[in-house]
Amino acid sequence: MKIAVFSDMHGNCTALDAMLDHLSANPADKLVCLGDTVQGGPQPHETLQRLRELGCPVIMGNADAWMLSGVETSATEAPPTQQMQRIREWSLKKLNPEDVDFINTFLPTVEISLEGRHRLLCFHGSPRSFDDVFLPETPQEEFEGFLGEYTPAIMTGGHTHLQYVRRLGSTFYFNPGSVGRPFDRHQSGEPYRADPWVEYAVLTSTADGVLGLEFRRVLYDTRIIYNYILNSDMPDAALVAEKHRPLT
């Protein structure tokens, strides 16, 4: 069994389509989306339409919930900026009632049975909260505090836009990275520059208990999304587009 895990499109349907094109040539048996689907990007309706067509489980991300409610639930994140508020209001206007209803069906967690008596627990931040953040350098005791009680499940979450895998006792956690906004979190300067690729992961299980994990990174033409944003009526379009400016 092969399960494709992807996350954090943030309204970049161009990137999602690039991922799906690659996946069609390198297929999986099932797909699961870990959330943060539309807020912040130029193609909110198109992204949700594509997800509905896929028919895969979708997790509720913190940005999904904030876009619907306007209430920031994280105790550690900085308050939303005026630019974020403007884009939120614009995004909501681009959605139809079916889009909003669809977001309201997103789940806090999804559990998938794998071959070989394994199971995969899917979430956005952690199983307890879509706001939780942990990174490769998070101290082990703190990391286990987020996830330890959910072992021996294999676990996957998004939220941090960072592809990595980390051992947890006899099991492991992995983050598939970001489809729509992968970026180097150590880069300096503003605005941050998104990477010119999409990221996702494929988890493989066999009946005899063998597991495999593949991180995929697929280059795509960022000129398409860059020009799309510049030619849209999105608030602060030039500033948003700058994050996707082609390197050459």
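This is a guided tour of the structure above, stop by stop, with something to select at each one.

**Before you start**

The model is predicted, so local features need pLDDT of at least 70 and side-chain atom pairs count only at pLDDT 80 or more, while totals for chains, interfaces and linings use all residues. Residues are numbered from 1 along each chain as its sequence is written, and side-chain values use heavy atoms, with hydrogens and water left out.

**Stop 1: the nonpolar cores**

Select Phe6, Met19, Leu48, Ile103, Val179, Val198 and Tyr200. In the largest nonpolar core, which has 38 residues, these touch the most other members. Helix H1 (residues 13-25) supplies the largest share of this core, six residues. Another core lies apart from it, with 15 residues that include Val5, Val32, Phe172 and Ala201.

Some terms for this stop: a nonpolar core is a set of buried Ala, Val, Leu, Ile, Met, Phe, Trp, Tyr and Cys residues joined through side-chain atoms within 4.5 Å. Buried means under 20% relative accessible area, exposed over 50%, and partly exposed in between, with a 1.4 Å probe and protein chains only. Helices (H or I, at least four residues) and strands (E, at least two) are DSSP runs numbered from the N terminus.

Now centre on Ile103. Which residues is Ile103 in contact with, leaving aside its neighbours within four places in sequence? They are Val38, Leu48, Met60, Asp64, Met67, Leu68 and Leu95, where contact means heavy atoms within 4.5 Å.

**Stop 2: the largest pocket**

Next, select His10, Glu77, Met84, Arg181 and Tyr192. Of the 35 residues that line the largest pocket, these are the closest to its centre. The space in this pocket is about 1,100 Å³. Its lining divides into 17 nonpolar, ten polar and eight charged residues. Colour helix H3 (62-69), helix H4 (82-94) and helix H8 (237-242) to see the elements that give two or more residues to the lining; H3 gives the most, with four.

On a 1 Å grid over the protein atoms alone, a pocket is an open set of points with protein on both sides within 12 Å along at least five of seven lines, whereas a cavity is a set where a 1.4 Å probe fits but cannot get out; lining residues have an atom within 4 Å of a point. Grid points are joined across faces, edges and corners, and a volume is the space filled by probe spheres set on the points. For the lining, Ala, Val, Leu, Ile, Met, Phe, Trp, Tyr, Cys and Pro count as nonpolar, Asp, Glu, Lys and Arg as charged, and the others, Gly among them, as polar.

**Stop 3: the cavity**

How many cavities of 30 Å³ or more are there? The count comes to one, and about 30 Å³ of space lies in the largest cavity. To find it, select Met9, His10, Asn12, Gly40, Gly41, Pro42, Gly180, Arg181, Val240 and His244, which line it. This lining has three nonpolar, six polar and one charged residue.

**Stop 4**

His10 has a positive phi of about 50 degrees although it is not a glycine, and is buried at 8% relative accessible area. Then jump to His161, in the loop between S5 and S6. Its phi is also positive, about 60 degrees, and His161 counts as buried at 10% relative accessibility. Most residues other than glycine have a negative phi, and most peptide bonds are trans. For a cis bond, look from Thr151 to Pro152, where omega is near 15 degrees. Pro152 lies in the loop between helix H6 (140-147) and strand S5 (154-156).

**Stop 5: Gln163**

Move on to Gln163 in strand S6 (residues 163-168). Is Gln163 buried or exposed? It is buried, with a relative accessible area of 18%. Its side chain reaches the backbone oxygen of Tyr200 at 3.2 Å, and a polar atom of that side chain lies 3.1 Å from the backbone oxygen of Arg216. A polar contact is a pair of N or O atoms within 3.5 Å; within protein, one must be able to donate a hydrogen and the other to accept it, and residues adjacent in sequence count only if both atoms are side-chain atoms.

**Stop 6: Thr109**

Finish at Thr109, in the loop between helix H5 (97-103) and strand S3 (110-113). Thr109 is partly exposed, with a relative accessible area of 30%.
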